[in-house]
Amino acid sequence: MFIIDYTSDLDFEQKSQRPAAQIADIEPIVRDVLKQVKDGGDEAVRNLTLKFDKACPENFLTSQQEFDEAEKQVSQELKDAIAVAKANIEKFHASQLNHQIKKIETSEGIFCWQKQVAIEKVGIYIPGGSAPLFSTVLMLGIPAVLAGCKEIVLCSPPRTGGSINPVVLYCAKLLGINKVYKIGGAQAVAAMAYGTQTVPKVSKIFGPGNRFVTVAKQLVNSSETAIDMPAGPSELAVVADSDTNPVFAAADLLSQCEHGADSQVGLFCTSKEKAMQIIAEAEKQLEKLPRKEIAEKSFANSFAVVAPTLEKLMHLSNIWAPEHLIIATNDAEVVAEQVVNAGSVFIGSYACESAGDYASGTNHTLPTNGAAKAYSGLNMDSFMKKITFQTISQQGIYKIGRAIENMAAAELLDAHKNAVTVRMGK
């Protein structure tokens with residue numbers, strides 16, 4: 001981890017840049033995968049699964065027997081842990097639902113209102129690879145179920161034998177998601193975006209993934225399928241002062257580094273001595289990690305910035321706009337009031353980022369790469385759309401008719417004007 005001594009905002013922005021995503025070399029590959037699936041359906045998906053995942057499931061759709069077998073493979077201890085997480089995630093997300101319809105009389109005889117409606121068909125992608133993220137099934141599946149989405153499709157890469165990770169299947173079954181397909185990578189995104197003989201076409205795709213999945217989501221989003229948010233490598237920032245526990249801070253930094261070699265963390269500290277203390281502790285903890293090789297590369301690409309005041313550090317944090325932000329300082333709740341840009345904020349010494357990743361109740365699907373300046377983390381609104389309604393009485397159209405006619409005429413849209421004029425005449 002390298003140290004930045006703060007001199008100016010511009011200098012900080014330049015030195016704290018995220019590792020550039022190398023996508024130019026894979027975009028043609030992803031475009032080809034999307035075209036193959038769009039044209040060839042299931043057969044193309046089968047060929048691509050064999051090519052990329054070295055697996056060839058007899059049936060893409062998970063059977064009831066496979067769900068039952070998977071459940072037997074999950075320990076009761078883990079089932080109990082998942083139950084804790086499920087309860088908290090449901091409680092927090094259910095609190096976001098608001099079905100109240102409020103009619104507003106904008107002018108005499110004119111009433112306008114919004115109605116919240118679930119997206120009917122959604123797709124969920126759950127990565128496989130070295131760390132199958134079964135917790136993401138809860139984070140995406142629970143709000144989809146609570147929203148009332150009529151069709152929930154889940155895709156996850158098959159293992160060499162052709163099966164999906166049993167804990168992923170257990171979580172899906174727990175939520176009542178039964179359309180689970182053994183498909184991974186860009187071909188899974190394509191299958192959900194375009195539909196195949198087996199996989200239903202969806203309106204919006206959610207979930208993290210590798211570069212191929214990310215690029216695939218961006219490409220289908222440019223045509224007909226919505227996606228949750230711009231996604232990139234995981235990241236975390238820790239704001240620290242003299243009161244910060246260095247063991248806690250170091251553990252928090254490494255918890256994000258182990259996601260992948262392209263993950264990045266930032267330490268925002270009020271003194272270089274404290275920063276060095278936390279870095280030294282992180283290097284000590286790093287030696288004991290099973291995923292040391294991955295975390296080490298990420299840690300080497302990460303930074304610590306030193307500035308004299310917490311106010312200045314929060315200013316720099318808002319510039320960086322981290323996916324996860326831990327405020328481990330004295331009066332952390334007061335400091336947290338200065339947050340403008342962040343995906344999810346963890347306040348105080350005991351609010352570790354891992355809690356939000358698994359079981360505190362908040363969602364772990366969050367904007368990365370500075371997108372927190374404009375995007376929210378995943379929430380109930382992500383699975384809903386708001387449709388506006390209005391009623392206009394004879395008196396109401398008379399009240400605003402002349403204004404509409406004058407505005408339409410000024411824009412040279414005579415048909416728009418006439419739609420009002422014929423009513424005014426009547």
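## Charges over rings

Arg-46 sits over the face of Phe-60, 4.6 Å from the ring centre. Lys-103 lies over the face of Trp-113, at 4.2 Å from the ring centre. A charge counts as over a ring if NZ of Lys or CZ of Arg is within 6 Å of the ring centre and within 35 degrees of the ring normal.

## Basis of the model

This is a predicted model: local features need pLDDT of at least 70, side-chain atom pairs count only at pLDDT 80 or more, and totals for chains, interfaces and linings use all residues. Residues are numbered from 1 along each chain as its sequence is written, and side-chain values use heavy atoms, with hydrogens and water left out.

## Aromatic pairs

The structure holds 9 aromatic pairs. Rings of Phe, Tyr and Trp (its six-membered ring) pair if their centres lie within 6.5 Å; planes under 30 degrees apart count as stacked, over 60 as edge-to-face and the rest as tilted.

Phe-268 and Phe-303 have ring centres 5.7 Å apart and planes at 75°, so they pair edge-to-face. Phe-268 belongs to strand S10 (residues 264-269) and Phe-303 to strand S11 (residues 303-306), 35 residues apart. Strands (E, at least two residues) and helices (H or I, at least four) are DSSP runs, numbered from the N terminus. Phe-268 and Phe-303 are buried (under 20% relative accessible area, 1.4 Å probe, protein chains only).

Phe-268 is in strand S10 and Trp-320 in helix H12 (residues 310-320), so the pair ties together parts 52 residues apart in sequence. Trp-320 is buried, as is Phe-268.

Phe-2, Phe-12, Phe-268, Phe-303 and Trp-320 form one aromatic cluster.

Key
Buried < 20%, exposed > 50% of the residue type's maximum accessible area, 1.4 Å probe, protein only.
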